[in-house]
Amino acid sequence: MSVTHDDVRKIARLAEFEVGEEALPLLAEHMSRILEYVAQINAVPASEGVKPFVPGPDAVRFRPDEVKPPPLAFGPAEFAPAFRDGFFLVPKLGQFEQEQG
Amino acid sequence: MPVAVKDNICTLEYVTSCGSRILEGYRSPYEATAVNKLKAAGALIAGKTNCDEFGMGSSTEHSAFGRTLHPFDKTRVPGGSSGGSAALVAAGAVPAALGSETGGSVRQPASLCGVVGIKPTYGRVSRYGLVAFGSSLDQIGVLGRSVHDAARVLSVISGRDPKDATCEDRDSLRLPNVPESLQGFVIGIPKEYFPPDLDPAVRRACDRAIRLLRELGAAVRDVALPHTQYAVPTYYIIAPAEASSNLARYDGVRYGPRFDGSEDVRALYRTTRGEGFGAEVRRRVLVGTYVLSSGYYDAYYRKAQQMRALIAQDFRNVFDRGVDLLFTPTTPTPAFKAGEKIDDPVAMYLSDIFTVTANLAGLPAISVPIGRVKGLPIGGQLVGQAFLDDEMLEAAYALERAVPAGEEA
Amino acid sequence: MANRWETVIGLETHVQLRTVSKMFCGCSAAFGAPPNTNVCPVCLGLPGALPVPNELALKLAVRAALGLGCTVHPRSLFARKNYFYPDLPKGYQISQFEQPLATAGSLSYLSPDQGIATATIVRLHVEEDAGKSLHDRFPKQTAIDLNRCGVPLIEIVTGPDFRSPHEARAYLLTLKQVLEYAAISECDMEKGSLRVDANVSVRRAGETALGTKTEVKNINSFAFVEKALTVERDRQIAVLEAGGTVAQQTMLYDSKTNSVRPQRSKEESHDYRYFPDPDLPPLMLSEEFVAEQQTQLPELPAKKRERFVEKYGLSVTDAAVLTAERAVADYYETVVHAGSGADAKLAANWVMTEVLADAKDHGERLRVQPGALAGLISLVRGGTLSHQAAKRVFSEMAEHGGEPRNVAEALGLTQVADTGVVAGWVSEVLGAHPTEVERYRKGETKLLQFFVGQVMKVSRGKADPKLAQRVLEERARSLGDLK
């Protein structure tokens with residue numbers, strides 16, 4: 001399993017990371033090693049019948065439908081990096097498509 | 001009682017930065033259920049402790065705010081990711097501290113620092129307010145000077161919480177009595193945890209502990225957990241996959257610092273996340289994104305979910321045959337040198353080899369000091385059955401009392 | 001040119017469930033609060049916060065699934081749909097993917113092209129909504145409001161079953177009707193509580209393989225559904241007729257210019273990396289839970305329509321009008337069953353004309369009590385009121401209430417059934433219209449109705465029209481002419 005520089009670029013775009021060209025070789029090498037290492041689980045014969053295991057309750061519990069938000073000790077204005085007139089602010093969507101509404 | 005809290009557990013009083021630049025200076029507007037319960041029980045939150053960034057690491061070298069030193073040897077690591085909590089307890093600054101586990105992050109530093117570390121059954125303690133790394137593996141755990149100190153804190157923080165859907169609807173943990181003997185206990189020794197190349201001193205310490213368990217009246221039996229060798233690879237698919245999604249929220253939009261007054265929101269993401277996360281977090285998020293991406297999901301993530309089931313089944317098979325608890329070394333070696341594994345991610349991952357299985361199977365496990373190896377502490381691990389945390393603690397009390405933890409094995 | 005092409009449309013409809021709180025936290029789901037005031041650690045995606053599902057939302061989702069004849073699965077999974085967008089705080093949306101809540105349903109609707117038709121419901125799943133991005137609030141900045149973030153939705157996906165834009169619209173209106181009937185959603189497109197995306201493709205008539213489809217988004221009003229789909233269909237046909245190929249992409253509809261344009265996006269942004277949400281154990285629905293939701297479902301419009309045709313002898317069209325809204329259907333049945341019982345067909349006519357017209361002008365309120373309308377109808381049947389006069393009584397009751405007989409008397413509208421008085425009016429009318437009398441005499445008998453109308457006018461609506469006609473006819477017979 002060898003991860004190419006293009007693979008790293010593509011995955012970094014999906015994960016929204018800036019990855020400099022100079023960092024690519026080492027990242028590709030580390031990712032290749034890790035993926036090669038973890039791929040050894042494929043040595044175990046196909047286990048079609050095996051249901052995935054997740055610990056925790058067998059069934060999700062529900063909350064009643066009532067307005068009872070877990071409290072905030074202070075509001076977004078105090079932790080947001082950019083906030084104005086009650087809104088979070090981000091630079092205008094550029095490469096993102098601007099949808100109406 | 002003062003209790004220190006790992007930096008990835010939300011408190012109102014202090015900054016909650018998860019050892020990351022991306023949350024540098026972040027103050028949480030709410031506190032974790034575990035912290036809330038501690039305060040309600042009269043504990044004092046003594047401060048926040050350093051950790052590997054978002055819990056990703058086994059040495060507390062991967063913190064944006066500097067590495068934590070081993071309390072007995074500054075050239076070595078305290079283990080991780082709850083290295084700050086372990087070192088603080090080992091140094092005698094607090095009797096107990098909250099840590100968190102995804103693959104051994106409480107037990108591994110406990111072993112390396114010579115303190116007690118408990119990871120409860122998955123669902124025993126609410127995760128509300130524990131900053132998520134691998135949600136299906138994460139549990140808040142406790143580091144303590146003694147089994148009793150750690151167990152007392154665990155008992156306070158355990159129990160139901162309507163804010164966490166994965167937390168079991170159970171009362172808080174009952175504190176067991178210190179048993180006179182371990183008569184009636186059947187303790188399994190899984191052979192996969194004692195490979196031929198295991199450090200002989202670690203093996204000697206374990207052998208001594210096993211002898212003591214037997215002398216306490218426990219029946220000791222050899223058992224097999226045949227899928228153990230796949231645990232670390234399975235873990236290093238599932239944990240990064242979940243992490244890649246859990247860490248998507250750090251985007252510089254709603255909280256945390258922004259690293260660039262970018263003209264474009266995508267650029268804002270990329271610089272904030274590119275500069276805000278450290279190397280190990282970036283690596284794991286990339287691996288996690290990769291294994292979930294189209295075309296790779298089945299070979300990696302789905303397969304790992306099945307391996308996880310086989311690993312959990314291994315444990316059930318052993319427990320179904322009358323075994324109550326398992327005993328293993330907690331770590332393959334005592335504390336290693338700082339920098340020793342920092343450039344070799346896979347070597348670092350292998351220091352979790354004996355601990356990740358309990359997280360994968362959701363089982364309770366505890367590390368108790370069992371001696372010294374060339375002057376450095378080493379821990380032995382007891383793994384219990386799901387929701388029989390109290391039974392595991394009982395055996396740990398007995399072992400702790402019997403073992404000469406300060407003595408070279 | 002369109003005849004050589006067949007249009008194939010499938011719809012994905014997002015419907016906001018009628019809950020007071022959000023899907024995974026206790027924040028208010030109300031529309032219109034000041035920005036970022038209905039927010040908490042969970043829906044802000046703060047570090048460490050966790051989701052817990054809303055029970056009512058799941059009940060409503062199951063009711064919707066049952067109402068659409070779906071199989072509700074006893075075990076389904078929440079999954080994370082991962083993508084980055086500034087109004088998506090966690091970087092993923094909690095939805096369902098591999099194991100949805102319900103599958104394999106159908107909805108029968110009245111197609112303008114082919115009569116009663118059936119749309120396949122491929123799947124129905126639960127998810128949370130994202131927040132809102134406002135692009136024109138501040139210069140160079142996008143403003144984010146997370147009040148809507150986490151509001152409970154169901155997504156209802158149909159097969160590629162519709163063959164024209166108006167057929168798709170007819171389905172959508174029927175779906176809306178069902179969801180409103182069962183109080184599952186308010187279905188208000190303007191408030192965003194119902195949103196629709198469409199998969200559109202065209203193929204040459206007679207072909208069976210599907211053409212390349214595009215997804216049309218941003219259709220934010222019922223008025224635009226047909227327009228948007230037509231624009232996209234015509235665009236695809238034009239491309240193909242010019243020898244080009246349709247690219248598989250997302251198209252955004254712009255209602256201001258009535259046009260579509262491709263959404264700019266990179267290919268990999270569609271790799272959503274779905275996986276089961278580890279924060280949420282499996283959604284297990286017991287048989288009892290599902291059965292309980294079945295009992296909470298009212299009679300749905302299609303059933304009600306059939307029953308109205310059968311029980312009240314109405315035409316399918318009239319029954320469809322009366323059952324379009326649950327409140328109207330209930331009102332109609334109350335009128336029919338009030339007191340000694342009104343004539344079902346007369347009642348239907350009254351409700352479809354006077355009642356609905358009055359409701360339309362008065363905020364959809366049904367202002368005349370059903371019992372009063374039933375009384376009014378029997379006054380008309382008994383000959384006490386003319387139809388014209390009854391309409392005036394109806395308006396008066398709508399404005400000021402009251403019993404029909406009292407109102408009619410107060411307005412002096414009760415019909416005069418005294419032959420002598422009516423004969424006087426008839427003489428007056430005949431004397432005033434010599435030209436028409438002459439024409440009638442020459443055989444233009446249809447003028448009889450004109451004379452009846454004139455009698456009604458002269459009597460200010462008070463004459464019993466049947467009596468007036470009889471008197472007119474007798475006068476004609478006995479005199480051979482009207483002189």
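A domain's bounds, as I use the word here, come from an automatic or database domain assignment. I keep in mind throughout that I am looking at a predicted model.

**Entry on chain B.** I looked up the domains of chain B and found domain 1, made of residues 2-177 + 328-402, and domain 2, made of residues 232-289. I then noted that the C-alpha centres of domain 1 and domain 2 of chain B lie 24 Å apart. When I turned to the contacts between them, I found 27 residues of domain 1 of chain B in contact with 22 residues of domain 2 of chain B. On the domain 1 side, helix 10 (345-349) and helix 11 (356-361) of chain B each give two or more residues, and by class this side has 15 nonpolar, eight polar and four charged residues.

**Entry on chains A and C.** I looked next at where these chains meet, and found 36 residues of chain A in contact with 49 residues of chain C. Which element of chain A gives the largest share of the side that touches chain C? I found that strand 2 of chain A does, with five residues. By class, the chain A side has 19 nonpolar, five polar and 12 charged residues. I also saw that strand 2 of chain A pairs with strand 9 (residues 141-145) of chain C in the antiparallel sense, over four bridges, and that P91(A) stands opposite Q141(C) there.

**Entry on a sheet in chain C.** I followed an open sheet of three strands, in the order 5-4-15, with antiparallel pairing. Its edge strands are strand 5 (92-95) and strand 15 (275-276) of chain C. Strand 4 (residues 79-82) pairs with strand 15 of chain C over two bridges, and I noted P276(C) as the bridge partner of A79(C).

Methods
Residues numbered from 1 in each chain as written. Chains lettered and ligands numbered in written order. Predicted model: local features only at pLDDT ≥ 70, side-chain atom pairs only at ≥ 80, totals over all residues. Pairing = 2+ DSSP bridges. Contact = placed C-beta atoms within 7 Å. Nonpolar A, V, L, I, M, F, W, Y, C, P; charged D, E, K, R; others polar.
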